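These are my notebook entries on a structure that I went through entry by entry. I record what I looked up and what I found.

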Amino acid sequence: MIKCEHIFKSFDGRTVLDDISVEFETGKTNLIIGRSGSGKTVLLKTLVGLHTPDSGDIYYDDTCFSSLDFTERKTVRRDIGMIFQGGALLDSSTVIENVKLPLDLFTDQSEAEKRERVDFCLKRVRLDGADNLYPSELSGGMIKRVAIARAIVMNPKYLFCDEPNSGLDPQTSVVIDNLIHDITREYDITTIINTHDMNSVMEIGEKIVYIHEGHKWWEGTKDDILQADNRELNDFVFASAMAKRARGAEMREDRTR
Amino acid sequence: MKIFELIGRYFLLMGKVFSRPEKISIYRRRVIYEMEALGMNSIGLTAIISVFIGAAITLQMSISLESPFIPQYLIGYATRETMTLEFSSTVVALILAGKVGSNIASEIGTMRITEQIDALEIMGINSASYLILPKIIATVLFFPFLTLLSIMIGSIGGYAIAVLTGIMIPNDYIEGLLFDFRVYSVVYSLIKIAVFAFIITSISAFCGYYAKGNSLEVGKASTRAVVVSSVVIMIFNLILTQLLLT
């Protein structure tokens, strides 16, 4: 479980996060949604400690993450996996080296054991034959798969994804979404995904938090979202054709009943 | 006020860089990689510039010292002293600030804006130490070899011009190279280049590490790295000369 309480964050006097309190549940794909510039990336980066909140607390299970010092945070961070928007793979390292890096630095495993774990993770994300390629030689979808493999290689308890399917075609997006969802279930991870893709919301969203202009505007499940009585949220949700279709189908169902 | 803030940030970064590494064996591998990337790849440039500068100094000296009262071997002597005391440490450092410094700043700056540094931090890796420490160790260890190489190749350049143009008797040139040879001059030069290597690498890494925004900012960080490193090198050149030679 990850919980944040009364988080405030501003940059150069401009408030970006305004009193955000929310609890993200274990074993579920928790989604933070909102328009571009709403503050969801800042919230995600604040949760992982890349930004320090002006005030408020962040809890990883029973540990108050925001009160830990640099060294103590490093220990918690070994339980965190993160998938960045652009993948953030190290350009000078091959696929294998990228995935193996945390194992090299934080475990005493033999080369064979590490290789076995890396192969397992790459197979899990269904990436074959790319072991010795560099990030510049990979497609967008492959980069995301390597990033997922790297994020899960240390068996994390918490997984953060910043717009994992941005820049991908719809089919690959669904594959990546399902992969993250399956991994969350399989390993009982607390997963937080930052997205503005309504397809993801309808496919894998189990708990959804809507952020609007730095405020937590709404939270609920994907079933609740279509019935939500909230103008800003409705504007956001029904801008997507898929959500419109889902709402249409629901209304037709209601009429038949 | 901003200058003090920047100096403070620089020392804070260096504090992170020199904190205990996660695993020594990984750092050892990275040092070797950086030696090749930053050191070995600079051999060609250093050699080319040194041979021509050595030749040019010999030519200029032969013109300036053209007198029946001045022995010709002094041309070789003057070339060696110029190469050893100033060119092969200070001028080579300025050249390397342009080549290696901009390389480091743009590499680390790109890693910053593409979130690669954030990714390292999230993994629990001390990104400053992981990225910068191997570069500092590699350059501090390798640049002195470039200085030795530069002294040798510069002297060869002087000899070659003496042979090719006939401006002086080559044996006189060699006699001048060996005349009043003091090992301390070479040691002084090596100490200087080691300090300059640290300056170039740490300042360039600092500029890249705190780059923000987009590729334009990375370009600016790269330029800033070269300018600041060059100025600091010149200041430390004076300080070290005062400390070590007077």
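How much area do chain A and chain B bury between them? I find about 2,000 Å², of which 62% is on carbon and sulfur atoms. I take buried area as the accessible area (1.4 Å probe) that two parts lose on being put together, summed over both.

Before going on, I note that this is a predicted model, in which local features need pLDDT of at least 70 and side-chain atom pairs count only at pLDDT 80 or more, while totals for chains, interfaces and linings use all residues. Residues are numbered from 1 along each chain as its sequence is written, chains are lettered from A and ligands numbered from 1 in the order in which they are written, and side-chain values use heavy atoms, with hydrogens and water left out.

**Entry: the interface**

I looked up the contacts (heavy atoms within 4.5 Å) and found 26 residues of chain A touching 19 residues of chain B. On the chain A side, A:Arg77, A:Leu90 and A:Leu105 lose the most area to chain B, together 25% of what that side buries.

I then looked up salt bridges, defined as a side-chain nitrogen of Lys or Arg within 4 Å of a carboxyl oxygen of Asp or Glu. There are four between chain A and chain B. A:Lys45 forms a salt bridge with B:Asp118, with 3.9 Å between the closest N and O atoms.

Which elements of chain A supply at least two residues each to the side that touches chain B? I list helix 1 (40-48), helix 2 (70-77), strand 6 (80-83) and helix 3 (95-106). Helix 3 of chain A gives the most, with six residues. Helices (H or I, at least four residues) and strands (E, at least two) are DSSP runs, numbered from the N terminus.

**Entry: aromatic rings**

I count 14 aromatic pairs over all chains. Rings of Phe, Tyr and Trp (its six-membered ring) pair if their centres lie within 6.5 Å; planes under 30 degrees apart are stacked, over 60 edge-to-face, and the rest tilted.

A:Tyr210 and A:Phe236 form a tilted pair, 5.5 Å centre to centre with 40 degrees between the planes. This pair links strand 9 (residues 207-212) of chain A to helix 9 (residues 231-237) of chain A, the two residues being 26 apart. Both A:Tyr210 and A:Phe236 are buried, a term for under 20% relative accessible area, with exposed over 50% and partly exposed in between (1.4 Å probe, protein chains only).

Why is the pair of B:Tyr10 and B:Phe206 edge-to-face? The planes stand at 80 degrees and the centres are 5.8 Å apart, so the pair is edge-to-face. B:Tyr10 lies in helix 1 (residues 2-17) of chain B and B:Phe206 in helix 8 (residues 183-209) of chain B, so the pair ties together parts 196 residues apart in sequence. B:Tyr10 is buried at 14% relative accessibility, and B:Phe206 is buried at 11%. I also note that B:Tyr10, B:Phe11, B:Phe206, B:Tyr209 and B:Tyr210 form one aromatic cluster.

The charged end of B:Arg112 sits over the ring of B:Tyr209, 4.7 Å from its centre; the rule asks for NZ of Lys or CZ of Arg within 6 Å of the ring centre and within 35 degrees of the ring normal.

**Entry: two single residues**

Is A:Thr94 buried or exposed? A:Thr94 is buried, with a relative accessible area of 7%. I place A:Thr94 in the loop between strand 6 and helix 3 of chain A.

A:Glu116, in helix 4 (residues 111-124) of chain A, is exposed at 58% relative accessible area.
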